[in-house]
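These notes are written for a colleague who is meeting this structure for the first time. Please keep the sequence and the model open while reading, and take the points in order.

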Amino acid sequence: MKKLHILLLVIVITALCISAINPYEKLTWLLEVAPAIIGILILGATYRKFKFTNLTYTLIAVEMLILIIGGHYTYAKVPLFDILKDELGLSRNYYDRIGHLAQGFIPAMIIREILIRFNIVNGRKWIQFIVISLCLALSATYELLEFAVAKAIGQSAEAFLGTQGDVWDTQWDMLCAFIGASLSVYLLSKRQDKEIISIEKVGE
């Protein structure tokens, strides 16, 4: 278990260091990767007292890599998705949508595991609803933070916001987070439950 955690940490830190080399825009890079850096610090500080399941740690690493890639290129200019845009005749670079799907899909498992392992919610009937609701709240909060940062930095905000001219971008982002969270609790809940049971048995 610990070997996997170390491997994931090495992969994320290596990607973070590489992404810092000639990013598209330094301020945008810093704003985009800041959640990943904060996440690494929090997980490191709490690791001895609380360890997530391997599933959750793996998903967290994936989320961090999505942020890091988006920070280096900006979400509107990730090369692979530019190629897909040209080849498929799409109206925009869709990496941003992938990021917001992940913004619901991955936090759903983090929130769900915390709720279950700390017995915050009695019984399982309401957990899925609460998880999805919290993911939507998280998505809305992120959009408000983007708005605040955009107002603060002015013209430099376009690369950070990544709206690509879509007036409904904020609504699409939150819808993607909702879809991601819903898919996550539907597809991964049983797998996560099994891993939680394994951790609890080891801790007995």
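1. Please keep in mind here, and in every point below, that the model is a predicted one. Glu113 forms a salt bridge with Arg117, and the closest N and O atoms of the pair are 2.7 Å apart. Both Glu113 and Arg117 belong to helix 5, where they lie four residues apart, about one turn of the helix.

2. The side chains of Glu195 and Arg191 meet in a salt bridge, with an N to O distance of 3.0 Å. Why are Glu195 and Arg191 separated by about one helical turn? The reason is that Glu195 and Arg191 are four residues apart in helix 8. Glu195 has a relative accessible area of 16% and is therefore buried, while Arg191, at 48% relative accessibility, counts as partly exposed.

3. Some salt bridges share partners, and in this way Arg92, Asp96, Arg97 and Asp173 are joined into one network. For the model as a whole, the count comes to six salt bridges.

4. The next topic is the open space in the model. The largest pocket has a volume of about 930 Å³, and of the 32 residues that line this pocket, the closest to its centre are Pro35, Ala36, Glu63, Leu67 and Leu138. Which helix supplies the largest share of the lining of the largest pocket? Helix 2 does, with nine residues. At least two lining residues come from each of helix 2 (26-46), helix 3 (54-73), helix 5 (95-117), helix 6 (127-153) and helix 7 (157-161). By class, the lining of the largest pocket divides into 22 nonpolar, six polar and four charged residues.

5. The second largest pocket holds about 320 Å³ of space, and of the 14 residues that line it, His5, Leu9, Leu43, Tyr47 and Tyr57 are the closest to its centre. Helix 1 (2-19), helix 2 and helix 3 each supply at least two residues of this lining, and helix 1 gives the most, with six residues. The lining of the second largest pocket is made up of 11 nonpolar, two polar and one charged residues.

6. On the surface, a nonpolar patch is formed by Leu136, Trp168, Trp172, Leu175, Phe178, Ile179, Leu183, Tyr186 and Leu187, which together have about 940 Å² of accessible area. Helix 8 (residues 169-203) gives the most to this nonpolar patch, with seven residues. Phe178, one of the residues of the patch, has its place in helix 8, and since its relative accessible area is 37%, Phe178 is partly exposed.

7. Two loop residues deserve a careful look at the backbone. Thr74 has a positive phi of about 75 degrees although it is not a glycine, and the place of Thr74 is in the loop between helix 3 and helix 4 (79-88). Asn119, also not a glycine, has a positive phi of about 50 degrees, and Asn119 is placed in the loop between helix 5 and helix 6. Are these residues buried or exposed? Thr74 counts as buried, at 1% relative accessibility, whereas Asn119 is exposed, with a relative accessible area of 60%.

8. A last point concerns a distance across the model. Ile114 is found in helix 5, and with a relative accessible area of 29% Ile114 is partly exposed. The C-alpha atoms of Ile114 and Tyr24 are separated by 36 Å, and Ile114 and Tyr24 are 90 residues apart along the chain.

Conventions:
Residues numbered from 1 in each chain as written. Predicted model: local features only at pLDDT ≥ 70, side-chain atom pairs only at ≥ 80, totals over all residues. Heavy atoms only, no water. 1 Å grid on protein atoms, 1.4 Å probe; cavity = no way out; pocket = protein on both sides within 12 Å on 5 of 7 lines; lining within 4 Å. Points joined across faces, edges and corners; volume = space filled by probe spheres on them. Nonpolar A, V, L, I, M, F, W, Y, C, P; charged D, E, K, R; others polar. Patch = residues over 30% accessible without salt bridge, like charges linked within 9 Å, V, L, I, M, F, W, Y side chains within 5 Å. Areas by Shrake-Rupley, 256 points an atom, 1.4 Å probe, with all protein chains shown as cover. Salt bridge = Lys/Arg side-chain N within 4 Å of Asp/Glu carboxyl O. Buried < 20%, exposed > 50% of the residue type's maximum accessible area, 1.4 Å probe, protein only.
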